[in-house]
Amino acid sequence: MKRHLLSAAAVVGLVMGAADPVCAQSIDYGSLEQLFNEPVTTSATGSPQRVTETPADMTIITQEDIRRSGAKDLPTILSRVPGVDVLNWSAGHTDVSVRGYDQIYSPRLLVLIDGRQVYLDDYGYTAWGNLPVTLAEIRQIEVVRGPNSALFGFNAVGGVINIITRNPRYDDTNSLEMHGGTQSDRGGSAVGTLHFGDRASMRVSVGADRQKEWENDLNAFASWNAHSMADLAVQLSPKTELRLQGSLAGSRSEDMVPSSNYVPARYKTSSIMATLTSETPYGELQARTYLNSLDDRDASPIGLFHFKNQVAVASLQDLFKIGTRNTARLAVEYRNNRENTTPEAGGHVSYDLVGASAMWSFAASNRLSLTLAGRLDHLMLKRSGTIPPGFLYASNALWDRTTDTFSANAGIVYEVSDRDTLRATYGRGIQSPTLDEYGGLQLVLSPGPYGPRLGGNPFLRPSVISNYQLSYDRVFESLDAKASLKAFVQHTDDVKGLWDFAHPLVGSSPPYSFEAVFANASRSTMGGFELSASGKVQGGFHWSADTTYTHIKDTPLSGENLIGRQVAFGRTSPRFRGNVAAGWADRRWAVDGFVHYVSAYGAYNAAGALERSPAYATLAARAGYTLSPGLTLAVSGQNLGHGRQVQGLESGLKAERRVLVSLSKTW
Amino acid sequence: MMLRAYLKAVATAVCASAFALLSPASASADPVKDIQATARVLTFLENDLGARVVIGVVFDPARSESVAEKNAIIAAIGDGYSVGRLTVVGKPMEAGAIHGVKVIFVTHGVDFAAVGAETRAKRIIVVGSDFACVRSGACAIGIATDPTVQIVVNRNALAAAGAALKAAFRMMIHEI
């Protein structure tokens, strides 16, 4: 055992490269993970922490978990995380949420790659097939459950998913992968790391995938995606590092849009980000700026929706320790978010946002810590350009509005013993209206002065989410296992609802056109618990199991209808969901199986009625064989128990059984 | 009915967990893991110790536990234990005869107060797995790896040894 440990550690040390004792400012996740024997994260407070010590409810998916999952897309990997809900609408469109509230184009989840938002800010959702990241270049995926707006800002309300890629300075990641299988599924990826002397390293990746659409009568043939990313890390001085990242992605999918129709959607996204980190006498300073561009074309039967959205962000943070017990983080952020109106063109909706945040973490003892964080955001909304005739919000001046919001996070972590940890957390998150909701979406349903319109609402209020959670974690040394029990309550005020033609705005003077707009429609309370456990058994076996129960109660605001506004989350969210997984590995073989269960839930059909989707269980598995060092042949399957299964809308497309063969080489 | 069965299953699992909680857990030190962690911690120092570091393994020949721990550590290191570009080599030495090294590891049973007094002027980084040594200031770094990795640093003692830890690493450990 000792020799195995030393050998393994030595190999890891060689593969991972040096943690140079003189330099290095960005976090060397690999070395820290090797030291503490657990993953390390910055996603809870902004400062590096062991995942077991974070004042947040967090699960970390490691690269080993990703490799053995047999999955080729992120939603499938995420569906096996405790408390995560997925709605699979088509082969290329999935929506993800945490602990209920999932919906078409789910807006409650903040998704990031290395701290850069990748959810699409026009409607606040994530096009998972369009993310410019290859599974092989991911170091870990950090899943935070509950609001974390004080650190991340808007939309971090249901949870945060931060995808951390390998840092080319520390991680020599090289891989080639190709796969093919049923449904004409084929694709591949390549990742390479280059070093330019001792001071600069770059990782480059490309990937592409194509698969036939699930059986349909929509003339939808295939979904595909292609992406590339470049990540350059340069050590400017012993204490200063510059990291530059750029990405391009294109994809096509058959999307389920909020009206519950399938629409072919083409996405093109690009980004560029620069992060400068420097250790100074005033702490670790980090300056970051990035620009995201989105070009989204949805060819619906009622017109071509062409969204063009740009988000520019600049932030500055200082992370420092005061004495031996206090860690603090101060940050400011500026954001500009801009979108054209569509399909009725001629206008632009935008906002400028200035935010300031602070975090303080106090280690009262080596067993008790307290963390407080707060953030103030000042948003300035604006509209320019023309407003087509017949729209009832007929003046750009109506968009000259400001909104001030406050978000907060607090957590107490108490290590009762070396094996028992209690955690109490509170989060207050803000879900801002999106640019589509503010007025980017501008549709004339039938021409003429009396024809109905669909438009934005400059008076929409942000939703405020308050979350309270208690959790208990226990390590069972003798069993080489751990277990966790959590109880939580979450309350949402001013839930944003979809347009409702049964409750339109009506013009007060001729022509008496009427217009459906987005509106704040309800308040909602969710309560529940989660139980999870995992462990290892001698001989190379591992296992895990979890179950999460949620109960949601929605109350409509005066004059509103839960079904009409599609905010009846108590009826659309499953009450319980769970996972069981087991696996075995030796030097050559790795075999894993996964069962995911979801209780019955609801979804809206194209007529606006609520359909009941049945409970379901899915079976997935992977078997991999190492042909030679770094060369692996694997067979994996998803939805193995059923040829076709409802995992979204009962009357929609059905998820199909899928088998893939993949060959990968890493070095 | 299904909900009732589900809740019953969950309650059973919770009760099983509570029963396990009542079982006393045993704790034991693991000198092999401790020295491996020590080597990793050295890579997070601001100081450049060089590519090859000799760690003096301090023991008391009159105490069997100290001798056993020393033997286990020296055997674990062997000809050298590498972490990235750093290789550590172990050299046994008795308290009172500490010399020629920048880092020492104090085994259990050694009079750490005496070791602290001996090493202070020599600016040697003293590491041990007994946190009482850290609290007293004789040890600069305390490392225990069983059941979980715990690292406690005495900032004054570390500074007196002319050493400092990287900022990001300091946020992950306990300092006194």
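1. Helix H3 (residues 64–77) of chain B lies across E1, E2, E3 and E4 of chain B, and its direction makes about 155° with that of E3(B). Helices (H or I, at least four residues) and strands (E, at least two) are DSSP runs, numbered from the N terminus, while axes are lines fitted to C-alpha atoms, for helices over the stretch in contact, with angles running from 0 to 180 degrees between N-to-C directions. Helix H4 (residues 112–120) of chain B also packs on the sheet, where it touches E1, E4 and strand E5 (125–128) of chain B and runs at about 160° to E5(B). Two residues are in contact if their C-beta atoms, placed from the backbone, lie within 7 Å.

2. This is a predicted model, in which local features need pLDDT of at least 70 and side-chain atom pairs count only at pLDDT 80 or more, whereas totals for chains, interfaces and linings use all residues. Residues are numbered from 1 along each chain as its sequence is written, and chains are lettered from A and ligands numbered from 1 in the order in which they are written.

3. The sheet of chain B is open and has eight strands in the order E2-E3-E1-E4-E5-E6-E7-E8, with mixed pairing. Its edge strands are E2 (81–83) and E8 (174–175) of chain B, each of which pairs on one side only. Two strands pair if DSSP finds at least two bridges between them. Strand E1 (residues 52–59) of chain B and strand E3 (residues 86–94) of chain B run parallel and are joined by eight bridges; among the positions concerned, B:Phe59 has B:Glu94 in E3(B) as its bridge partner.

4. Which residues have the most contacts inside the largest nonpolar core? They are B:Ile104, B:Val106, B:Val126, B:Cys139 and B:Ile141, in a core of 129 residues. A nonpolar core is a set of buried Ala, Val, Leu, Ile, Met, Phe, Trp, Tyr and Cys residues joined through C-beta atoms within 7 Å; a residue is buried if 20 or more other C-beta atoms lie within 10 Å of its own, exposed if 12 or fewer, and partly exposed in between, with C-beta atoms placed from the backbone. The largest share of this core, six residues, comes from helix H2 (residues 31–42) of chain B. Apart from this core lies another, of 28 residues, including A:Val349, A:Leu381, A:Trp499 and A:Ala568. In soluble globular proteins, nonpolar side chains tend to be buried together.

5. The lowest confidence in chain B is in helix H1 (residues 2–22), at a mean of 55, and the highest is in strand E4 (residues 103–106), at 96. Residues 17–28 of chain B have a pLDDT below 50, and beyond near neighbours in sequence this stretch has 11 contacts in the model. For the complex, the predictor gives an ipTM of 0.85 and a pTM of 0.91.

6. Chain A has seven helices and 40 strands. Its radius of gyration is 24 Å, close to the 26 Å that the globule rule gives for 667 residues, so chain A is as compact as a globular protein of that length; the radius is taken over C-alpha atoms, and the rule is 2.2 Å times the number of residues to the power 0.38. Of the residues of chain A, 52% count as buried.

7. One open sheet in chain A has five strands in the order E3-E8-E9-E6-E7, with mixed pairing, and its edge strands are E3 (57–62) and E7 (116–117). Strand E8 (residues 138–145) of chain A pairs with E9(A) in the antiparallel sense over seven bridges, with A:Arg145 opposite A:Gly159. On the pairing of E6(A) with E9(A), the sense is parallel and there are five bridges, with A:Leu112 opposite A:Asn162.

8. Why is strand E9 (residues 159–165) of chain A described as largely enclosed by the rest of the structure? The reason is that seven of its seven residues are buried. Both faces of E9(A) are covered, with A:Gly159, A:Ile161, A:Ile163 and A:Thr165 on one side and A:Val160, A:Asn162 and A:Ile164 on the other. In a regular strand the side chains alternate between the two faces of the sheet.

9. A:Asn579 belongs to strand E32 (residues 576–585) of chain A, and it counts as buried because it has 21 C-beta neighbours inside 10 Å. Leaving aside residues up to four places away in sequence, A:Asn579 touches A:Arg80, A:Pro82, A:Ala545, A:Asp546, A:Phe594, A:Val595 and A:His596.

Definitions and conventions. pLDDT is the predictor's confidence in each residue, from 0 to 100.
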